[in-house]
Amino acid sequence: MTDANQQMVEQYRNNFLREVEDNVEEGEWVKMCMQCGVCSGSCPFGPHWEHPPQEIFMMIRAGKRDEVLQSDSMWMCTSCYNCIVRCPRELPITHIMHGLAHYAKRLGIAPKNQPTQKFAQLFWNNLTKTGRVNELKLGLALYFMNGIGEGIKTSLKMQKIGLGMLMTKRLTPMELIGGHKCKDAKGLQAILKKAEELEAARIPATGK
Amino acid sequence: MAKKSYSFYPGCSSQKAASASNYMVSVNSMCETLDIELNEIPDWNCCSASIGYAGGGELPRLALSARNMAISEQANPGQDIVATCAACWLATKEAQERLHDDDTLMTETNEALAQAGLKLEASQNVRHMVEVLIEDFGYDELGKHVKKPLDGIKIAGYVGCQTNRPFGIDGESYENPKYLDKLVETMGAEPVENYDQKVSCCGGALAFSEPEKSQALIKDIIESAYDGGADMIVTPCPVCQMNVEVYQDHINQKYKTNFKMPVVYYSTLMSVAYGGSGKDAGLDGQIIKAKQLEELASK
């Protein structure tokens, strides 16, 4: 268990709902869930969630902290916003799922080999480096995120798609050496660093 | 109509030789006909779409969009911000609303922006290009510029998720929006009636991390278009376009289907209908060629 996680467990003891309300994006909405299940029934990846959103909300109230934060459920959110527009209580469910996923990741207890967890981190690393997404490097990082062997297999499988993108000029090998970027990437990084500091001050246990 | 000017946020995928560069080409052609001036936000950055949350907390993610909005307020004052990408639109509009409603987040965001000498009011409206077309022009005006009606082409209007939810287009429903069908009709083509997958999800960014689960969704989107007699699919979203077009071979292999369905943007249709060449309309960017549009464009 990480230090940050241990600190939160001790601080909140058996009140996981309070912990979520205090530290998770839009977490103050969780108690408003009335367990109708429309979110779970509306989710395009619904069958793949170990615990669909409705269940996650009940588990938070029941104090099932490890089961929620270590679950790969929230990482199944495709951000389609079906649940948000259909929720009778207008809970920002998509954002709560993103918030729970991020919180678990901050605490260092998100499932390590979850593919979306890995991809989403690669995406963030990619975009913050230059201020803009480098699609070629992101694609390659994705193919090789589970090691060289699997990377070569995936690359071969994707070869024809990559070639199609190259032939239609929707991908360029030039992205490997230079590529698109913000001129003031440094300024952007300074903004992000400050934002991270300010956020960490509000959620002290997870400050880096 | 007089020239209309907007503060433009193109987004990463619209850049030269990026995955939706063909979208940008057709948008430029469409805007030329409609006398729309797009003033690019100088040195804009990525919005982190809906997948930045693993590495980025709420405030850093808001700060990304805040930087774009702050530069926009400076460089293009008094103009609405317009995005062509659904995810860019959504992320920026969400940030604008949340910062407007939450004083703490707004204060902290400005504290962060000050690191680069920027300041934000979040006063500009944030709109998707289709909103501009429908609200600032309207179907009648859009129809007036049609030189080559897309006669005899049947098109499934795939609206997808993020151009539709949670904000959507004013006056349209989340479950059965009609604007894309109306645009198709305005360009002289025939919309597929009752296209039941029109607001279904293609997997979005999870098409990368969960390809099999996403391709199962994409299969339904294409199959339903075929069932409706569609010659092609049209969409307002770069992620929808790419996901629905490029995985058809993989889907064919797995599900023993025989898909070869072109997937175009609304702006592709409009550029061709407005008399643009295949190149103007970005048709050379189709991996699955839209042959009927190519023929019409070359006439």
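Let me begin with a term: a residue is called buried when its relative accessible area is under 20%, exposed when that area is over 50%, and partly exposed in between, with a 1.4 Å probe and protein chains only. The structure above is a predicted model, in which local features need pLDDT of at least 70 and side-chain atom pairs count only at pLDDT 80 or more, while totals for chains, interfaces and linings use all residues. Residues are numbered from 1 along each chain as its sequence is written, chains are lettered from A and ligands numbered from 1 in the order in which they are written, and side-chain values use heavy atoms, with hydrogens and water left out.

Helices (H or I, at least four residues) and strands (E, at least two) are DSSP runs, numbered from the N terminus. Helix H2 of chain A spans residues 16–23, and its buried residues are Phe16(A), Leu17(A), Glu19(A), Val20(A) and Asn23(A). How are these buried residues of H2(A) placed when seen down the helix axis? They fall within an arc of 160°, so they line one face of the helix; the arc is that of the directions from the helix axis to the C-beta atoms. The cover over this buried set includes helices H1 (3–12), H4 (53–61), H5 (65–69) and H7 (93–106) of chain A, where contact means heavy atoms within 4.5 Å.

In the loop between H2 and helix H3 (38–42) of chain A we find Glu26(A). Although Glu26(A) is not a glycine, its phi is positive, at about 60°. With a relative accessibility of 16%, Glu26(A) counts as buried.

Next, the domains of chain B. The chain is divided into domain 1 (4–129) and domain 2 (147–298), with bounds that come from an automatic or database domain assignment. Taken over C-alpha atoms, the centres of domain 1 and domain 2 of chain B are 25 Å apart. Domain 1 of chain B contributes 25 residues to the contact, and domain 2 of chain B contributes 25 residues.

What area is buried between domain 1 and domain 2 of chain B? It is about 2000 Å², with 70% given by carbon and sulfur atoms; buried area is the accessible area (1.4 Å probe) that two parts lose on being put together, summed over both. On the domain 1 side of chain B, Asn22(B), Tyr23(B) and Trp89(B) lose the most area to domain 2 of chain B, together 26% of what that side buries.

Between domain 1 and domain 2 of chain B there are five residue pairs in polar contact, both residues at pLDDT 80 or more. A polar contact is a pair of N or O atoms within 3.5 Å; within protein, one must be able to donate a hydrogen and the other to accept it, and residues adjacent in sequence count only if both atoms are side-chain atoms. The elements giving two or more residues to the side of domain 1 of chain B that touches domain 2 of chain B are helices H1 (21–34) and H3 (86–101) of chain B. Of that side, H1(B) gives the most, with nine residues.

One backbone feature of chain B also deserves mention. The peptide bond from Arg165(B) to Pro166(B) is cis, with omega near 0°, and Pro166(B) lies in the loop between strand S5 (154–157) and helix H7 (179–186) of chain B.

I close with the charged pairs. Side chains of opposite charge can pair when their charged atoms come close. A salt bridge is a side-chain nitrogen of Lys or Arg within 4 Å of a carboxyl oxygen of Asp or Glu, and the structure holds 25 of them over all chains. Across the interface of domain 1 and domain 2 of chain B, the rule finds zero salt bridges.

In chain A, Lys193(A) and Glu197(A) form a salt bridge (3.4 Å, N to O). The two are four residues apart in helix H11 (residues 185–202) of chain A and are separated by about one helical turn. Lys193(A) is exposed, at 53% relative accessible area, whereas Glu197(A) is partly exposed, at 41%.

In chain B, Asp43(B) has a positive phi of about 55° although it is not a glycine. The side chain of Asp43(B) meets that of Arg67(B) in a salt bridge (3.0 Å, N to O). Asp43(B) lies in the loop between S2 and H2 of chain B and Arg67(B) in helix H2 of chain B, so the pair ties together parts that are 24 residues apart in sequence. Asp43(B) and Arg67(B) are both buried.
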